[in-house]
Amino acid sequence: MQAINLNNNTKMPILGLGTWKSDPGKVGAAIEYAILEAGYRHIDCAAIYGNEKEIGEALQKVWKQGIKREEIFITSKLWNTKHNPERVEAACRKTLEDLQLEYLDLYLMHWGIAFEPDRGNEPLDKNGVIKTENIPTRKTWESMQTLVNKDFVKSIGVANFTAAMIIDLLNYAKIKPVINQIELHPYNSQLELIKFCKYKDIELTAYSPLGNPSLAGNMSPLNAPPIQKIAKKYKKTSAQILLRWSIEREVIAIPKSTTPKRIKENSEVFDFKLDQKDLEQINALNQNHRFVNPADWWGIPYFS
Ligand code: A2P
């Protein structure tokens, strides 16, 4: 599996299995299939996805089949209600317990915003605006660094960080983030943010690399006529073209699926290469369109 070198001299497989919206009851079988049958070596998890226990049970079965822990790159994420330094280590320990692991390869701050802790995962006020907690990102990052020093996690990073948030973080980070995980697909290609992160030696993971068809429906870039045309040319599927485009931009991609046929299909992207004209055509599809936008959920213009 092709890998990306991270700024702490570790390597991260360029393709992984996403697990956001992977339903309990299905996610375990998907993990087993991905690792044992389709050759995946990277799994992307998060506490907020509510399925880490089942993933942990599936991983136990995987280890019993002779796969070694160090062969699989496993990411998880700190949820926004756990930013208080008093809660960071406990949150990480809970994820490790659920996943039945001794360490994570990568732990990300899921968003650059702290939520009030005692009213559920997404506490809204009476106007539908998220209730924040007065915890500066710096405090949370210092606790994330402690997790590395205590060997709970090998690397730390961020998700959904803007350039300004990264600039601020780099002012005080003793351990630099290795990754910024953001929404990336041809309708939201974020070329400038990718360039900036790479300039700062921070790599990118693309979430929703297929344009999140479960949220986007027919508006997903899988249905864009230029993508379908390019797919025909290479005798590949639209999904494979989108993933190949990500790989050629040296951006790690974590397509989610719980369907064995698609899990396999999404892994078969290392036997062809898009030519310059195809890449330009795909780049031209950008509309700066997000399918994942907290303005809708939390009443705040997070990305503005
Ligand atoms: P499913 O899990 O039912 O197979 P993204 O990673 O961009 O968020 O996309 C995930 C969504 O895309 C899921 O709804 C998943 O459905 C679907 N999906 C995953 N792989 C493919 C594929 N190769 N072709 C079409 N849809 C796919």
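1. Helices (H or I, at least four residues) and strands (E, at least two) are taken here as DSSP runs, numbered from the N terminus. This is a predicted model, in which local features need a pLDDT of at least 70 and side-chain atom pairs count only at pLDDT 80 or more, while totals for chains, interfaces and linings use all residues. Residues are numbered from 1 along each chain as its sequence is written, and side-chain values use heavy atoms, with hydrogens and water left out.

2. On confidence, pLDDT is the predictor's confidence in each residue, from 0 to 100. The protein averages a pLDDT of 97, and 100% of the residues score at least 70.

3. Two strands are said to pair if DSSP finds at least two bridges between them.

4. Taking the pairs in turn, strand S4 (residues 42-44) runs parallel to S5 and is joined to it by three bridges, with Ile43 having Ile74 of S5 as its bridge partner. Between these two strands the chain passes through helix H2 (residues 52-64), and this β-α-β crossover is right-handed; that is, with the strands pointing away from the viewer, the path from the first strand over the helix to the second runs clockwise. S5 is in turn joined to S6 by four bridges, again in the parallel sense, and S5, H3 and S6 make a right-handed β-α-β unit. S6 and S7 then pair in parallel over five bridges.

5. On burial, the cut-offs are under 20% relative accessible area for buried, over 50% for exposed and partly exposed in between, with a 1.4 Å probe and protein chains only. S5 is mostly covered, as six of its six residues are buried. Ser76, which is found in strand S5 (residues 73-78), is buried at a relative accessible area of 0%.

6. The surroundings of Ser76 deserve a check of their own. Its side chain is joined to that of Glu52 by a polar contact of 2.6 Å, where a polar contact is a pair of N or O atoms within 3.5 Å; within protein, one must be able to donate a hydrogen and the other to accept it, and residues adjacent in sequence count only if both atoms are side-chain atoms. Not counting residues up to four places away in sequence, Ser76 also touches several others, including Cys45, Ala46, Thr95 and Leu108, a contact being heavy atoms within 4.5 Å.

7. Thr95 lies in helix H3 (residues 85-99) and counts as buried at 1% relative accessibility. With residues up to four places away in sequence left out, Thr95 touches Ala47, Glu52, Ser76 and Leu104.

8. On the cysteines, a search of the whole structure finds zero disulfides, a disulfide being a pair of cysteine sulfur atoms within 2.5 Å. Cys45 is in no disulfide, and the nearest cysteine sulfur, that of Cys92, is 12 Å away. Cys45 is buried, with a relative accessible area of 0%, and Cys197 likewise counts as buried at 0% relative accessibility.

9. Lys21, although it is not a glycine, has a positive phi of about 70 degrees; it lies in the loop between strand S3 (17-18) and helix H1 (27-36) and is partly exposed, with a relative accessible area of 36%. Asp151 is not a glycine either and has a positive phi of about 70 degrees; it is found in the loop between helix H4 (137-149) and strand S7 (153-159) and counts as exposed at 58% relative accessibility.

10. Lastly, in helix H10 (residues 260-267) the buried residues are Ile263, Glu265, Asn266 and Ser267, and the buried residues of H10 pack against S3, H1 and helix H9 (238-248).
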